[in-house]
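Hi,

Here is the structure I promised to pass on. My notes on it follow below the model, with the cut-offs included so that you can check them in your own tools.

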Amino acid sequence: MDNKKNIVLIGMMGAGKSTIAHLLDEKLKDFQYLDIDKEIEKLAKKHIEEIFAIEGEAHFRKLEHDLIAKYANYHNQVIATGGGIVENPDNIELLKKNSVIFYLKASVDELLARVRKTNINHRPMLKHPNPKERLIELIKKREPFYKMADFEINTEKKELIEIANEIIEKYDTIN
């Protein structure tokens with residue numbers, strides 16, 4: 001097995017990072033799936049919303065950064081990140097060393113609709129009187145960092161397999 005650059009998916013909650021990463025893992029036999037949020041939960045032995053409630057966002061971001069520092073050196077990983085991974089610019093720099101980064105993008109309304117399907121109450125960043133307004137604030141804050149990705153993929157009105165194939169096609173042009 002060749003050591004290939006990781007495929008990293010970034011973007012807002014609801015963009016499809018975990019779902020698409022699973023699909024890529026199935027299609028790319030020499031890659032392994034890794035979900036940073038799931039790894040944080042394993043490490044902390046708590047769900048993300050519990051980490052936020054008990055220890056705060058700063059602690060969560062520290063755990064997130066530590067795992068990025070670890071996994072950035074791996075190869076052949078399909079990595080699904082949390083939406084706020086870009087809030088620490090060091091994370092993007094670490095990932096860029098050995099990864100091809102894809103920004104999965106969708107409109108605010110589409111993101112909100114997807115998040116509502118998966119239980120919005122499990123999203124600590126959307127515990128807000130107006131989740132749509134909060135989502136708009138987060139996008140505005142994070143978008144410049146998402147734009148640091150190697151590729152931007154619009155996930156709206158596309159089949160999951162179509163998105164996965166587009167990522168593989170773009171990945172193959174540089175790896």
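Glutamate 55 has a relative accessibility of 33% and therefore counts as partly exposed (buried is under 20% relative accessible area, exposed is over 50%, and partly exposed is in between, with a 1.4 Å probe and protein chains only). Its side chain meets that of lysine 46 in a salt bridge, with N to O at 2.9 Å (a salt bridge is a side-chain nitrogen of Lys or Arg within 4 Å of a carboxyl oxygen of Asp or Glu). Lysine 46 is partly exposed as well, because its relative accessibility is 25%.

Before I go on, please note that this is a predicted model, in which local features need pLDDT of at least 70 and side-chain atom pairs count only at pLDDT 80 or more, while totals for chains, interfaces and linings use all residues. Residues are numbered from 1 along each chain as its sequence is written, and side-chain values use heavy atoms, with hydrogens and water left out.

How many salt bridges does the rule give? The count comes to 16. One of them joins lysine 105 and glutamate 143, whose closest N and O atoms are 3.3 Å apart. This pair links distant parts of the chain, 38 residues apart: lysine 105 sits in strand E4 (residues 99-105) and glutamate 143 in helix H6 (residues 131-146) (helices, H or I with at least four residues, and strands, E with at least two, are DSSP runs numbered from the N terminus). Lysine 105 counts as partly exposed because its relative accessibility is 24%, whereas glutamate 143, at 18%, counts as buried. Both residues belong to a network of salt bridges that links Lys105, Glu143, Lys147 and Glu152.

Helix H6 also holds glutamate 137 and arginine 134, which are 3 residues apart and so separated by about one helical turn. Their side chains form a salt bridge at 3.3 Å, N to O. Glutamate 137 is partly exposed, with a relative accessibility of 37%.

**Two buried asparagines**

Asparagine 6 is part of strand E1 (residues 6-10), and it counts as buried because its relative accessibility is 0%. Its side chain reaches the backbone oxygen of tyrosine 74 at 3.0 Å (a polar contact is a pair of N or O atoms within 3.5 Å; within protein, one must be able to donate a hydrogen and the other to accept it, and residues adjacent in sequence count only if both atoms are side-chain atoms). A polar atom of the asparagine 6 side chain also lies 2.9 Å from the backbone nitrogen of glutamine 77. Leaving out residues up to four places away in sequence, asparagine 6 touches, among others, Tyr71, Asn76, Asn98 and Tyr171 (contact means heavy atoms within 4.5 Å).

Asparagine 76 lies in the loop between H3 and strand E3 (77-80), and is buried because its relative accessible area is 3%. For its side chain, a polar atom lies 2.9 Å from the backbone nitrogen of lysine 4, and the backbone oxygen of aspartate 30 is 3.1 Å from a polar atom.

**The lining of the largest pocket**

Which element supplies the largest share of the lining of the largest pocket? That is H3, with 6 residues (on a 1 Å grid over the protein atoms alone, a pocket is an open set of points where a 1.4 Å probe fits, with protein on both sides within 12 Å along at least five of seven lines; lining residues have an atom within 4 Å of a point).

Best wishes
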